[in-house]
Amino acid sequence: MADMRLIVAGAGGRMGRALTRVISETAGAVLAGALEAPGSELLGKDAGVLAGLPANGVKLSADLWALSKDADGILDFTVPGATIANVAIAAQRGLVHVIGTTGLSASDDAVIRSVAAQAIVVKSGNMSLGVNLLAALVRRVAQSLGDDFDIEILEMHHRSKIDAPSGTALMLGEAAAAGRRIALEEHSARGRDGVTGARRAGDIGFASLRGGTAAGDHSVIFAGPHERIILSHHAEDRILFAHGALRAAMWAHGKKPGFYTMADVLGLSDI
């Protein structure tokens, strides 16, 4: 099979540069384009050089329509507005669209799902193998434990992260809610401050920490009478998310149109 030709969205950012490096190291994948926001000072720069590699001749561009003419997929870790703009073009071109963007709203998710009848979309709040295993375990533990165990989710990221809770924390919250067979949006407690009163039974709590260069730490705490069960994952380098995204793209190449998650990619749907 020919190499999968991939576009990296947000190629000038930290994740974009990591994705460029991983593509260069992976047999069967080739960098076909590097997308950056209109007006960026990085437009026209060489994607390889920005990623700390030898020049590869792929210049950063703001024109996804032109870049996607000869591409097979796009790896998209950007911001909600950019991702939603990319969705329409990816669908028109028939690209595999791997979405790792966080901070997407319910309406954004609806737009993404609306193209799944004609496009191949793989979306996840976290692309790592470990986190997706954690989510499967969280769902199973939440299903097994009674309502007398409270669920709290703690996450920490670097000081530059702009959304909270993290997409991964929300993904873990959704896993816990699925295990309890409840709707997360109706049982979510965030931003406690002041005199809050006693904890509401059945809520799934979230706490977000920001500081330093933390790539991503997540813990799910099941706090019951006289005992706590804590399931945790600690990311040491964002390169692991890049490896997961590339794995997702290559898995999805040739699949039928539809909406997929990393649980599908990793065969964890039944755990």
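Start by selecting β1 (4-9) and β2 (29-35): these two strands run parallel and are joined by six bridges. Strands here are DSSP runs of E with at least two residues, helices are runs of H or I with at least four, and both are numbered from the N terminus. Within this pair, click Val 8 and you will find Ala 34 as its bridge partner in β2. Five of the seven residues of β2 are buried, so this strand is largely enclosed by the rest of the structure. Buried stands for under 20% relative accessible area, exposed for over 50%, and partly exposed for what lies in between, with a 1.4 Å probe and protein chains only.

A word on what is on screen: this is a predicted model, in which local features need pLDDT of at least 70 and side-chain atom pairs count only at pLDDT 80 or more, while totals for chains, interfaces and linings use all residues. Residues are numbered from 1 along each chain as its sequence is written, and side-chain values use heavy atoms, with hydrogens and water left out.

**The seven-stranded sheet**

Now widen the selection to the whole sheet. It is open and parallel, with seven strands in the order β3-β2-β1-β4-β5-β6-β12; two strands pair if DSSP finds at least two bridges between them. At the edges you will see β3 (60-61) and β12, each pairing on one side only.

Move to β4 (residues 73-76), which pairs with β5 in the parallel sense over four bridges. Leu 75 has Val 98 of β5 as its bridge partner. Next comes β6, joined to β5 by four bridges and also parallel, with Ile 99 standing opposite Lys 123.

Which residues cover the two faces of β5? Val 96 and Val 98 are buried on one side, His 97 and Ile 99 on the other. For β6, the buried residues are Ile 120 and Val 122 on one face, with Val 121 and Lys 123 on the other.

α1 lies across β1, β2 and β4, at about 165° to β1. Helix α5 (residues 106-114) touches β5, β6 and β12, and its direction makes about 145° with that of β6. For these angles, axes are lines fitted to C-alpha atoms, for helices over the stretch in contact, and the values run from 0 to 180 degrees between N-to-C directions. Contact itself means heavy atoms within 4.5 Å.

**The nonpolar cores**

Switch to side chains. A nonpolar core is a set of buried Ala, Val, Leu, Ile, Met, Phe, Trp, Tyr and Cys residues joined through side-chain atoms within 4.5 Å. The largest one has 38 residues, and those touching the most other members are Leu 6, Leu 19, Ile 23, Leu 60, Leu 75, Val 98 and Val 122. Elements giving two or more residues to this core include β1, α1, β2, β5 and β6. Its largest share, seven residues, comes from α8.

Zoom in on Leu 60. Leaving aside neighbours within four places in sequence, its contacts include Ala 11, Ala 34, Leu 42, Leu 43 and Leu 50. Apart from this core lies another of 21 residues, among them Ala 142, Ala 176, Phe 206 and Val 220.

**The five-stranded sheet**

Next, select the open sheet ordered β8-β9-β7-β10-β11, where the pairing is mixed. β8 (188-190) and β11 (227-235) are at the edges with a single partner strand each, so one side of each has no neighbour in the sheet. On average, neighbouring strands here are turned by 20° against each other, direction ignored.

Three bridges join β8 to β9 (residues 204-210), and the two run parallel; Ala 189 has Gly 205 as its bridge partner.

**A last stop, then zoom out**

Find Gly 254 in the loop between α8 and β12 (258-260). Is Gly 254 buried or exposed? With 73% relative accessibility, it counts as exposed. Draw a distance to Gly 194, 60 residues away along the chain: the C-alpha atoms are separated by 53 Å.

Finally, show everything: nine helices and 12 strands. The C-alpha trace spans about 60 × 40 × 30 Å along its principal axes, and 48% of the 271 residues count as buried.
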